[in-house]
Amino acid sequence: MSADLAIVGAGPAGMAAAVEAAKHGLSVVVLDDQPEPGGQIYRAIERAGPRLRTILGGEYAAGEALVRDFRAAGIDYRPDSAVWRLDAGARIAYSRNGTASTLTADRVLIATGAMERPVPIPGADRPGVMGAGAAQVLLKASGLVPAGRVVLAGAGPLLLLVGCQLLDAGADVAAVLETTAGGDYLDAAPALPRALAGWRDLAKGVAMKRRLKRAGVVFRSGVGGLAATGDSVRFDGGEIACDLLLLHEGVVPQTHLSRQAGLAHRWQTEQRHWAPVVDAAGRTAEETLIVAGDAAGIAGARAAALSGRIAARTAAGKEPAELAAALARERAMRPLLDRLFPPRTALPDDEAPVCRCESITAGDIRRAVRDGAMGPNQLKAFSRAGMGPCQGRMCGLAAAEIVADERGLPVEEVGSFRIRPPVKPLTLGELASMEGEAAEAEAL
Amino acid sequence: MFRRLPEREASITIEVDGAPVPAAPGDSVAAAMLAAGIAAFRHAPVDGGPRGPWCAMGVCFECLVEIDGEPNRQACMTTVREGLRVARRPAGARPKP
Amino acid sequence: MGAMLEGTADIIVVGGGLVGAAAAYGLAGKGLDVLMLDEGDDAFRAARGNFGLVWVQTKGFGLQRYQEWSQESADRYAGFAAELADLTGIDIHHERPGGAILCLGDAEWEAQRQLNETMAEQGDGYHARMVERRELERMAPGVRFGQEVVGASFSEKDGHCGPLYLLRALHAGFKAKGGRYRPGARVRHIERGFRVETDAGAFEAPKLLLAAGNGIPLLAPMVGLQVPTAPERGQVLVTERAEPFLPMPMGNIRQTAEGTVMIGATQESVGFDTGTTLEAARGLAQRAIRALPGLQQLRLVRSWAALRVIPPDRCPIYDESETHPGAFVATMHSGVTLAAIHAARLPDWIAEGRTADGFEAFSARRFDVPAAA
């Protein structure tokens, strides 16, 4: 099976790219690991009832038109498909309903979106501690609302947004603990000139914070020393009982597939994550591989859809000039938002679980560095960090930062885990029963 | 730990450790379990401590359970259907080839 | 003008992999001031991709001294592992339950039988014997073998260990014995004396051991040695943790102390390419399932490739330079199996010039083209 364009991911970037490519006559296949189109941002939008739409607001509902266009575009859409290998070529290996297959295309667009940055605080691996984004996903996909007392802690715009949405859904939100002083900027926001790009986001931030405070939610900024105990959250100078602790420190691109495919990545110092090196149309050093949306750098859903369309139109050999202008406008807001919500810079305490799969703490990582681990790859050999089923998704960023800090070097100099296939586990049976050539294996 | 908005009707039933658990069409297994008040999904293979979902989107591999006899499946990436059987595995249990 | 002098030592060991670390550990144990130089995070480290067999059968085809050398190392391993555990607290998970090379079909059985026969004729003390399927099943109760498995070549001399734990323990033991480790010090140039110029400055020592694996062919001529090894890629698969089910390593399939199952390994001449291929992964999985069908339900969590260091006859090379006395080289594919004997015997050779009987058989001079008649 071969297509003009294969797209990995059915979020805003992937869906918009698919619609645009189909419009220009390309044959398109879309592989996505979720059962429904929308990505995490528009998760389960097709099934959302009126109450949920009210809670989640207009930005969520805006995804419906895109999903409708996507469904109507006659695209070969394959949900529940976990892509586990990508070779420049461009060949994708993926598993769907327990069967693994390959698919080749003239080009592959990586639109794998973002994930929440893991927040390694002591106790973060206990049941009842989750990402704030995870709670939002459960709300979108299943209408789930936390039943007991909730505390949100961390940094980033989503922290406030989820806090407000949970309030609207009737949850008992006890506190919002910001680990940065970022929230204080919001108080000054109304004084800023309205002409400033990003003013709308700023005003939204102010409104969210007011909403939370008015509802009696305890609000603290610059909180340090966070730790989850199981039935409370502790921090320097306080402790608040809660049944559910939601942590958040912003979102980062999902780079496992682009890194496994061998693309070059650059460390984004301001936002503290890796992003693939791409041009304005998402093109990479590999002619056959393109990256769009948050997978190429965090810019939000509107920018993701635009970048998807630009990538698809460029792949179709057409000029995307007016889209590029719109994208530039969208991205212009980003620097302010980034400044407003800088990621926390403090590194995890020694007791904090960093690699959950192998139960490796920040302290274990520091010890491995003192024993001579120069970078993440030697760290893996010295400590087993990054060797479990999540393939280092949960520990990769923190591990690299800890190694860099211990060695007194910038993160880009110590590097990142080498990502090897499969980027999602599959059974040996699935792998063995794939059609196609197999190399002869020796007895010893 | 979680409750469900009334507009999502739990019209189907799955089984978790032999007990019936209501689920709504389109739920992930993880969502249905959380809505039933189940917080601990598995024991960590190294330290044995209880673990539950962190990401709800297929990234963290903390929600691994046995589904219809197949161990170590991601509960957050499996959609419910009537009669689906989930087993939480005892500490230290691993698949036996 | 060369780099700044950063330090001196009694001996510099170039290479922080299993060969270098085992020798350095032993040398430090002799009270010498040893400096071990290593590359950075992105080096082609065979020691990071090892399979972990401590293996004797079929080793040394064509070079009997290598078969004996492997046996001696395997015999020393239990004591070696205990010594490392005492010194460093690191358990290298060494076990010696014997090892089997599974034969899938009569042709493999016959080829293996002939190889064992030839090895037995080559010298005394070769232990592997052919066991038929029924006996194999008795030796590995509860293991379900595939229909094609007709039997195996078995040797009680074989075993395995955790190669990453071994590397860590050697490094920790080396440090505990006063050794100095300098990572990020890729060697650029070596001058007589010896002056070793690296990315991290220059170091001087009267003696030098080259143990830098696939880096050696470029370094050896700087001290008047020719070391004709080539990289050979091996791709390996590893699964999620499983219940302990495999009582012994079965050639290319072994279960680790953590419970993961390792499946190896391809033999590919592709230069310095550590990429993995879908075709190889599929081939490895297919053969493993033909041997042990229960593996099909286990999840593959990782695959990798590493570069073996392969001399022309696949046997080790140990040499001292004639033109640059005091410069030694040790290189081979079997860094895990030979770690115990390296730690015990290479220091005698390098520090005191004492060698075991027949040690000269390992000289690279065995590859010299005989003068034309």
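User: What are the ground rules?

Analyst: This is a predicted model: local features need pLDDT of at least 70, side-chain atom pairs count only at pLDDT 80 or more, and totals for chains, interfaces and linings use all residues. Residues are numbered from 1 along each chain as its sequence is written, chains are lettered from A and ligands numbered from 1 in the order written, and side-chain values use heavy atoms, without hydrogens and water.

User: How many residues do chain B and chain A put into the contact?

Analyst: Chain B gives 38 residues and chain A gives 55. Contact means heavy atoms within 4.5 Å.

User: How many salt bridges across it?

Analyst: The rule finds 2, a salt bridge being a side-chain nitrogen of Lys or Arg within 4 Å of a carboxyl oxygen of Asp or Glu. B:Glu62 forms one with A:Arg356, with the closest N and O atoms 2.8 Å apart.

User: Which way do β9 of chain A and β1(B) run?

Analyst: Antiparallel, joined by 3 bridges. Strands are DSSP E runs of at least two residues, numbered from the N terminus, and two strands pair if DSSP finds at least two bridges between them. A:Val145 stands opposite B:Arg3.

User: Switching to chain C. What is the strand order in the open sheet?

Analyst: β5-β7-β6, with antiparallel pairing. The edge strands are β5 (99-104) and β6 (129-132) of chain C.

User: How many bridges join β5(C) to β7 of chain C?

Analyst: There are 6. C:Ile101 stands opposite C:Ser153 in β7(C).

Methods:
Helix = DSSP H or I, 4+ residues; strand = E, 2+ residues; numbered from the N terminus.
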